[in-house]
Amino acid sequence: VQKGKKLVMNDKNKDLLLDALLPSIPFEGWGDVSLKEAQQKSGLTSQEVAILFPRGMTDVLRYFNQRLDHQMMMKLDDVDLGEMKVRDRITLAVRTKIELMHPHREAIRKGVSFFAMPLKASEGMHNVYDTVDAMWLAAGDTSTDYNFYSKRLLLSGVYSSTLLFWLEDSSDEYEKTWSFLDRRITEVLKIGGTIGKT
């Protein structure tokens, strides 16, 4: 991971609210009722929550995704990525992010549905961009030309399709998901090849 470019995550109150919220999401969904219950459980006031997350659940989900991205980058920082091909670094990054999502699979599923709403779609795209940008930073990407954008665009498609596949995968240890991911990476390499270059 490129030092100095890690996500900065140090907001105890945001974590407090999110941790109070996550257990109820599979049952209640990402809505105002869940947010109010989490606010009461966390001991925060409604005013504090409004300051932390001005746009309500949209901001909560953005923070949730950023926290997962941070955890992903920390895990990748413990791996000697320098000895790996770029393709393998990116594959590992996608797999690491999805594995981190596993304890919250139903919450992630409902989050995908939340951002499928027309008025929320652009916010969902921001979250995807945050993630693929973090993945490329972790992989050591130093591009500054058009490749910077093409890499992220191509990886957005790989990551999004793999995430959706994973949500429906019932195979042991998500073996089918990892095979799907490998196929998607191979397809992208055939199309542009930029995912294998730094």
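D145 is partly exposed, at 39% relative accessibility; buried means under 20% relative accessible area, exposed over 50%, and partly exposed in between (1.4 Å probe, protein chains only). D145 sits in the loop between helix 8 and helix 9. Helices here are DSSP runs (H or I, at least four residues), numbered from the N terminus. The D145 side chain reaches the backbone nitrogen of N147 at 3.0 Å. Such a polar contact is a pair of N or O atoms within 3.5 Å; within protein, one must be able to donate a hydrogen and the other to accept it, and residues adjacent in sequence count only if both atoms are side-chain atoms.

The model is predicted: local features need pLDDT of at least 70, side-chain atom pairs count only at pLDDT 80 or more, and totals for chains, interfaces and linings use all residues. Residues are numbered from 1 along each chain as its sequence is written, and side-chain values use heavy atoms, with hydrogens and water left out.

Helix 9 was examined next. R152 belongs to this helix. R152 is buried, because its relative accessibility is 2%. Its side chain makes a polar contact of 2.8 Å with the side chain of D133. Beyond residues up to four places away in sequence, R152 touches Y129, V132, D133, W136, D141 and S143. Contact means heavy atoms within 4.5 Å. T162 also lies in helix 9. With a relative accessible area of 0%, T162 is buried. T162 touches V94, I98, T177, F180 and L181, again not counting residues up to four places away in sequence.

Two packed helices are described by the angle between their axes and the distance between the axes. The axes of helix 6 (residues 86-101) and helix 9 (residues 146-167) come within 11 Å and cross at roughly 35 degrees. Axes are lines fitted to C-alpha atoms, for helices over the stretch in contact, and angles run from 0 to 180 degrees between N-to-C directions. The crossing is right-handed, which means that the near helix is turned clockwise from the far one by less than a right angle. Helix 6 contributes I90, V94, K97, I98 and M101 to the contact, and helix 9 contributes L155, Y159, T162, L163 and W166. By class, this contact has 8 nonpolar, 1 polar and 1 charged residues. Ala, Val, Leu, Ile, Met, Phe, Trp, Tyr, Cys and Pro count as nonpolar, Asp, Glu, Lys and Arg as charged, and the others, Gly among them, as polar.

The expected span is 1.5 Å times one less than the number of residues. Helix 5 has 21 residues and reaches 30 Å from its first C-alpha to its last, close to the expected 30 Å. Of its 21 residues, 15 are buried, so helix 5 is largely enclosed by the rest of the structure. The 12 residues of helix 7 (residues 105-116) should span 16 Å, and its end C-alpha atoms are 17 Å apart, which agrees. R105, A107, I108, G111, F114 and F115 of helix 7 are buried. The buried residues of helix 7 pack against helix 2 (25-28), helix 5 (57-77), helix 6, helix 8 (121-138) and helix 9.

W30 occupies the loop between helix 2 and helix 3 (32-42). W30 is buried, with a relative accessible area of 7%. Its side chain reaches the backbone oxygen of A107 at 2.9 Å. Leaving aside neighbours within four places in sequence, the contacts of W30 include L21, L22, I25, M57, V60, L61, F64, A107, K110, G111 and F114.

Helix 8 holds M125 and L137. M125 is exposed at a relative accessible area of 60%, whereas L137 is buried at 13% relative accessibility. The C-alpha atoms of M125 and S156, 31 residues apart along the chain, are separated by 8.8 Å. L137 and M73 are 64 residues apart in sequence and 8.7 Å apart, C-alpha to C-alpha.

Most residues other than glycine have a negative phi. In the loop between helix 9 and helix 10 (175-191), E173 has a positive phi near 50 degrees. Y174 lies in the loop between helix 9 and helix 10 and has a positive phi of about 55 degrees. E173 is exposed, with a relative accessible area of 69%, but Y174 is buried at 14% relative accessibility.

Conventions
Helices (H or I, at least four residues) and strands (E, at least two) are DSSP runs, numbered from the N terminus.
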